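Dear colleague,

I am handing over the structure below, and my notes on what was found in it follow directly after. Please read them with the structure open beside you.

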Amino acid sequence: MEDKHSKPHAIMVPLPRQGHVIPFTHLAMKLASNGFTITFVNTKIIHHQITKSESNGSEGQEDIFAAARKSGLDVRYRTVSDGFPLAFNRSQNLDQYLEGACLPCTC
């Protein structure tokens with residue numbers, strides 16, 4: 001029987017572009033602060049770009065929600081491959097990337 005007191009659980013999968021991920025992380029934090037369990041799914045390339053751009057040089061950081069978990073928020077973080085190697089230039093090969101990622105190209 002389902003527990004009526006269980007927390008709501010949201011699985012968040014942002015569009016795999018850095019400009020979409022950051023606002024989604026803010027939403028995830030807001031929901032977690034209001035009692036949600038969050039599972040945040042990010043692509044490996046965006047995770048790599050975000051951790052590489054951290055000003056304190058913590059490229060080896062566990063994930064972008066590590067500090068949130070330390071403060072008691074229930075935010076789970078997973079990365080998935082977009083099917084391309086990290087070295088693949090998605091900007092220069094946008095058509096190939098969108099086709100491979102099954103995203104419609106509106107160019």
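Asp-63 is buried, at a relative accessible area of 4%, where buried stands for under 20% relative accessible area, exposed for over 50% and partly exposed for what lies in between, with a 1.4 Å probe and protein chains only. Its side chain meets that of Arg-69 in a salt bridge of 2.6 Å, N to O, the term being used for a side-chain nitrogen of Lys or Arg within 4 Å of a carboxyl oxygen of Asp or Glu. Arg-69, by contrast, counts as partly exposed at 27% relative accessibility.

Before going further, please note that this is a predicted model, in which local features need pLDDT of at least 70 and side-chain atom pairs count only at pLDDT 80 or more, while totals for chains, interfaces and linings use all residues. Residues are numbered from 1 along each chain as its sequence is written, and side-chain values use heavy atoms, with hydrogens and water left out.

By the salt-bridge rule, the count comes to four. One of them joins the side chains of Lys-7 and Asp-74 at 3.4 Å, N to O. Lys-7 lies in the segment before β1 (9–12) and Asp-74 in the loop between α3 (66–70) and β3 (75–80), so this pair ties together parts that are 67 residues apart in sequence; helices (H or I, at least four residues) and strands (E, at least two) are DSSP runs, numbered from the N terminus. Lys-7 is partly exposed at 45% relative accessibility, and Asp-74 is likewise partly exposed at 21%. A further salt bridge links the side chains of Asp-82 and Arg-90 at 2.8 Å, N to O, and here Asp-82 is buried at 12% and Arg-90 is buried at 7%. Salt bridges that share partners also join Lys-7, Asp-74 and Arg-76 into one network.

Turning to the aromatic residues, a search of the whole structure finds five pairs, a pair being rings of Phe, Tyr and Trp (its six-membered ring) whose centres lie within 6.5 Å, with planes under 30 degrees apart counted as stacked, over 60 as edge-to-face and the rest as tilted. The rings of Phe-40 and Tyr-77 have centres 6.2 Å apart and planes at 15°, so they are stacked. Because Phe-40 lies in strand β2 (residues 37–43) and Tyr-77 in strand β3, the pair ties together parts that are 37 residues apart in sequence. Both residues are buried, and ring pairs link Phe-24, Phe-40, Phe-65 and Tyr-77 into a cluster.

As for strand β2 as a whole, seven of its seven residues are buried, so it is largely enclosed by the rest of the structure. Four bridges join β1 to β2, which run parallel, and β2 and β3 pair in the parallel sense over six bridges, pairing here requiring that DSSP finds at least two bridges between two strands. In β2, Ile-38 is the bridge partner of Ala-10, and in β3, Arg-78 is that of Val-41.

With best wishes
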